[in-house]
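Biologist: Could we go through this model together? I would like to ask about a few parts of it in turn.

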Amino acid sequence: MTVAARAWVFRAAVIPAVLALSTSTSAAPAPVPPEAKPFALGSMEVFALRDAENIVPNDAKTFGVGHTPGEVAAVLRKAGAPENEIRLPIDALLVKARGHVMLFDTGLGPHVHGVLIASLAKAGVRPVDVTDVFITHSHGDHVGGLVGSDGAPAFPNAVVHMSAREWDWMKSQPRNADIVQVISRQVKPFEPGGELAPGVRTVALYGHTPGHVGYQISSGRARLLDFGDLAHSSIISLAKPDWTVEYDNDSEAGKATRKATLAQLAKSGELAFGPHMPFPGVGHVVAWGEGYVWKPASP
Ligand SMILES: [Zn+2]
């Protein structure tokens, strides 16, 4: 099969799966301009990379399930945000350190308007330069970018790190068959809790998906937790951590992990990164009332 034919077959098979796995079936991914925001973490060179944006209507079917749109709107209003929609950026993180070029999640992919590769270029990195890809979980807005526009692995020289539990779950879903086939030779499953690369430790944050993890990235005394999809809306997920989110595979486990991790981040004052927090996605979790607020940081 020619490369063009293979790409077409891949697109036809994968786009529905990527959209279904994306953060919502009711959300339409919107294109964004490519952008790479640099910052330092100790001696590490870090970039927040833009990929796309989801715009979710406030109908209480995604956030605040079991509540009314009016209750959700009240939370948004209090934060000074529009009440009729929730904007969810889709971002990734790039870390250059000690001979490693490390990418944390890969966005939606070029088949669904993802501009991650162009953002990566702005950080001076080509896809072939990436040595390690760290996946928080297997939803389409995090793994879609593992497949290039030609249907082949987008980061051909990279090891793809994913928790063993998540990889097993991903493989068990028939809708993932095509993407699993493309990436299977690159995937190196791990048990959370250890160090996978210099300064990169894994933290089990199960609930959103069965094997969802976070990554603790540190250099000297500087530290940052990439918490993945522990929280989706910088407003609602933090103000109401125990509200049900349609995206969570196991909503009770998702709530428990969200509440415990947000409490821990608020107590430690540690820097955090969330792929769906407002770009560049870096900030602090601060206790406020019965919940928390997101304080963007410019590190
Ligand atoms: Zn996501």
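**Hairpin, metal site and packing**

Modeller: Trp288 stands opposite Gly291 in β17. The model is a predicted one.

Biologist: How many bridges join β16 to β17, and in which sense do the strands run?

Modeller: Six bridges join β16 to β17 (residues 291-296), and the two strands run antiparallel. Their hairpin has two residues between the strands, and Gly289 takes a positive phi near 60° there.

Biologist: Which strand pairs with β16 over two bridges?

Modeller: That is β15 (residues 271-273), which pairs with β16 (residues 282-288) in the antiparallel sense. Ala272 has Gly283 of β16 as its bridge partner.

Biologist: And His284, is it buried, exposed or partly exposed?

Modeller: His284, which lies in β16, is partly exposed, with a relative accessible area of 27%. That value falls between the 20% below which a residue is buried and the 50% above which it is exposed.

Biologist: What is His284 in contact with, leaving aside neighbours within four places in sequence?

Modeller: Its contacts are Gly269, Glu270, Leu271, Val293, Trp294, Lys295 and Ala297.

Biologist: Leu265 belongs to α8, I take it. Which residues of α8 are buried?

Modeller: In α8, Leu265 is buried, together with Gly254, Lys255, Thr257, Arg258, Thr261 and Leu262. These buried residues pack against β13, α7, β14 (244-245), β15, β16 and β17.

Biologist: What span should α8 have, and how far apart are its ends?

Modeller: Helix α8 (residues 251-268) has 18 residues, which at 1.5 Å a residue should span 26 Å. The end C-alpha atoms are 25 Å apart, which agrees with that expectation.

Biologist: Changing topic: what are the protein donors of the zinc ion?

Modeller: They are Asp141 (OD), His142 (NE2), Asp229 (OD) and His276 (NE2), at 2.1 to 2.2 Å from the zinc ion. Their spacing in sequence is D-H-x86-D-x46-H. Within this set, His142 and Asp229 link distant parts of the chain, being 87 residues apart. His142 is in helix α4 (residues 140-143), while Asp229 is in the loop between β13 (222-226) and α7 (236-239).

Biologist: Are those two buried or exposed?

Modeller: Both His142 and Asp229 are buried.

Biologist: Why is the arrangement around the zinc ion called irregular?

Modeller: The four donor atoms subtend angles of 88 to 166°. A tetrahedral label would require all angles to lie between 85 and 135 degrees, so the arrangement counts as irregular.

Biologist: What covers the buried residues of α5?

Modeller: The cover includes α4, β8 (159-163), α6 (177-183) and β9 (187-190). The buried residues of α5 (residues 164-172) are Ala164, Glu166, Trp167, Trp169 and Met170.

Biologist: How many residues of β3 are buried?

Modeller: Eleven of the 14 residues of β3 (residues 44-57) are buried. Twelve bridges join β3 to β5 (residues 85-97) in an antiparallel arrangement, and Ala52 stands opposite Ile90 in β5. Strand β2 (residues 36-41) is also antiparallel to β3, with six bridges.

Biologist: Finally, what is the mean pLDDT of the chain, and where is pLDDT under 50?

Modeller: The mean is 91, and 90% of the residues reach 70 or more. Over residues 1-5 the pLDDT is below 50, and this stretch has three contacts beyond near neighbours in sequence. Residues 12-26 also stay under 50, and the model has 34 contacts for them beyond four places in sequence.

Note on methods:
Residues numbered from 1 in each chain as written. Predicted model: local features only at pLDDT ≥ 70, side-chain atom pairs only at ≥ 80, totals over all residues. Heavy atoms only, no water. Donors = N, O, S within 2.8 Å, 3.2 Å for Na, K, Ca; no water. Tetrahedral: all angles 85-135°; square planar, octahedral: opposite > 155°, others 65-115°. Helix = DSSP H or I, 4+ residues; strand = E, 2+ residues; numbered from the N terminus. Buried < 20%, exposed > 50% of the residue type's maximum accessible area, 1.4 Å probe, protein only. pLDDT = per-residue confidence, 0-100. Contact = heavy atoms within 4.5 Å. Pairing = 2+ DSSP bridges. Expected span 1.5 Å × (residues − 1).
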